[in-house]
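Trainee: Can you walk me through this one? I have the sequence and the model open.

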Amino acid sequence: NVTKETHSFQTEVKQLLHLMIHSLYSNKEIFLRELISNASDAVDKLRFEALANDALYEDDSDLRVRITFDKDAKTITIDDNGIGMTHDDVINNLGTIAKSGTAEFLSKLSGDQKKDAHLIGQFGVGFYSSFIVADKVTVVTRKAGQPADQAVIWESAGDGEFSVEATEKTSRGTSITLHLKNDQEEFADGWRLRNLVRKYSDHISVSVELPKEHYGEEEEKPEAPEFEKINTATALWTRSKADIPDEEYQEFYKHISHDFADAASWSHNKVEGKLDYTSLLYVPSKAPFDLWNRDVARGLKLYVQRVFIMDDAEQFLPLYLRFIKGVVDSNDLSLNVSREILQKDQAVDSMKSALTKRVLDMLEKMAKKEPEKYQQFWDEFGQVLKEGPAEDFANKEKIASLFRFVSTQSDSDKATVGLKDYVERMPAEQDKIYYIVADNLAAAKASPHLEIFRKKNIEVLLLTDRIDEWMTGHLSEFDGKKLADITKGDLDLGAIESEDDKKAQKEAEEKLEPLLKRVKDLMQSEVQDVRLTHRLTESPACLAVGEHDMGEQMRKIMEAAGQ
Ligand code: ADP
Ligand code: MG
């Protein structure tokens, strides 16, 4: 009873396919990287499941990815003996996009192919990139551990529908055949494929094989093709830094992150001693479209003694570093470690603090040595980093030194002023770091609270991110100097005020005493207190909040949350 079902792609897939085919055309060869990346993941998953159930190997434990081609038929086949897929897996994985927020993402695309190519790249195109070069894709797959007759054929021309049909497959795993478009037959070529594998997939730890080419005239072509390994096939992070070219680090990044753009920076370290592990951590160059989605999986790829254990192990880095991608390979953890165990493991805690420091050091180094690159990083991820002081008490100072703000001395609206710069510029008699929090820069700059600071030429940081109020609540000082909100409480400018200023203020206070009392009586129900201020030099009056009251911004956030 072999029945063929026809399904419609999820609307988002249809849109993505259409856009991708047009905007990624100049980058079409990446389809091979994506398919090999998936095959390698499938092999990793099988090896992991087999740790608990040896039988899944089915007498075929030599895990590999094989690429074959047929020049005449214009096809390429990528075949793996990894985990495979069931009927339901196939429909879920190859018919929908599981990423939440996809619809919103797609609505942002402009129709401008260059810009869209960049965005789609960030989104990660994966399996669907096959349709850049193929007008028909056939997937035959059988899940490890299932009988041969439980295999499935998935087929589509990428035009909105796909079909699913039961079939037999004796070998475990997935075989994907691309029927190349007429003008893409160049890919059905041994030389071309070899080059692409070396270029994009050398870092893949499973062996990627192609049929042996027979050049000698006398050599007879064997019945069944012999295969040869094309890539290095050793886990990249186990190799020594000096032997790994930047391009390979970048390709490995793309494989583990499902990102399409290069990473901004990375840090590769082998740790031996009390703890024994290797880590390779990357800072992406672009924030993913779902950075703010709290349900999105985050974390590192975890290996134990080079065996893949899990994706998205979130126990190795704090939440405020959730944008970091990478792998950690431990020799201390057990092969049957679970998420629950990770949560309680002492070694994991120690690794977490060490990895956190590594990331902060990497960012610090970038800020120092490549300020332009760091600025780009800050523009993309600064808001996430600002969650740091609240979450990570121990590294508060280090995190804060990475912050960048706009200040009254900035000549543009870009956040480029670090707290260190601020402190360095402070006049000797200034003992606080002054800031103001507002909805936007225009509002901050127009604040009457700034008048006195302008007059005295004292720099004030202008904070306008939603998170700033909260952040400053957890960052009370930097480099031994208190952070002071210039709108809160009594403004004590301390030593910055001259003796003459103070004397003039005192006289003014005495003279205006009766007036103050009258205003106070009049406004009794509206305000807590009416005070004479020295903050203003031009405006006649302004509202100030008590030192311990909620800031303006925070009040708005609470109001918005219905509090
Ligand atoms: P991603 O790799 O980012 O998850 P893809 O679009 O590349 O997204 O692949 C979608 C899903 O299809 C994968 O997550 C996996 O579950 C499944 N898949 C794709 N290729 C294979 C394969 N060769 N073997 C098993 N499963 C696969
Ligand atoms: Mg993929």
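Trainee: How many bridges join strand β4 to β7?

Mentor: Eight, with β4 (residues 134-142) and β7 running antiparallel. This is a predicted model, by the way. One of the residue pairs is A134 with L180, its bridge partner in β7.

Trainee: And which way do β4 and strand β5 run?

Mentor: Antiparallel again: five bridges join β4 to β5, residues 151-156. There T138 has E155 in β5 as its bridge partner.

Trainee: What is the strand order in the sheet they belong to?

Mentor: The order is β1-β6-β5-β4-β7-β3-β2-β8-β9, nine strands in an open sheet with mixed pairing.

Trainee: Which strands stand at the edges?

Mentor: β1 (4-8) and β9 (227-229). Each has a single partner strand, so one side of each has no neighbour in the sheet.

Trainee: How much are neighbouring strands turned against each other?

Mentor: By 20° on average in this sheet, direction ignored.

Trainee: Back to pairs. How many bridges join β2 to β3?

Mentor: Six, between β2 (residues 64-70) and β3 (residues 75-80), and the two run antiparallel. T68 is opposite T77 in β3.

Trainee: Which strands does helix α2 lie across?

Mentor: Helix α2, residues 30-52, lies across β2, β3, β7 (173-180) and β8 (207-211). Its direction runs at about 20° to β3. Helix α7 (residues 190-201) also packs on the sheet, where α7 touches β2 and β8. The direction of α7 makes about 170° with that of β8.

Trainee: Changing topic. What is the strand order in the open sheet of five?

Mentor: β10-β11-β14-β12-β13, and the pairing is mixed. The edges are taken by β10 (263-271) and β13 (307-313). Each of those has a single partner strand, so one of its sides is left without a neighbour in the sheet. On average, neighbouring strands here are turned by 15° against each other, direction ignored.

Trainee: How many residues of β14 are buried?

Mentor: Six of its six. Side chains in a regular strand alternate between the two faces of the sheet. In β14, K325, V327 and D329 are on one side, with G326, V328 and S330 on the other, and both faces are covered.

Trainee: What about the protein as a whole, what share of the residues is buried?

Mentor: Buried residues are 34% of the 563 in the protein. There are 19 helices and 19 strands.

Trainee: Last one. What share of the contacts with a separation of 6 or more is between residues 24 or more positions apart?

Mentor: Those account for 71% of such contacts in the protein.

Terms used:
Residues are numbered from 1 along each chain as its sequence is written. Chains are lettered from A and ligands numbered from 1 in the order in which they are written. This is a predicted model: local features need pLDDT of at least 70, side-chain atom pairs count only at pLDDT 80 or more; totals for chains, interfaces and linings use all residues. Two strands pair if DSSP finds at least two bridges between them. Helices (H or I, at least four residues) and strands (E, at least two) are DSSP runs, numbered from the N terminus. Axes are lines fitted to C-alpha atoms, for helices over the stretch in contact, and angles run from 0 to 180 degrees between N-to-C directions. Two residues are in contact if their C-beta atoms, placed from the backbone, lie within 7 Å. A residue is buried if 20 or more other C-beta atoms lie within 10 Å of its own, exposed if 12 or fewer, and partly exposed in between; C-beta atoms are placed from the backbone.
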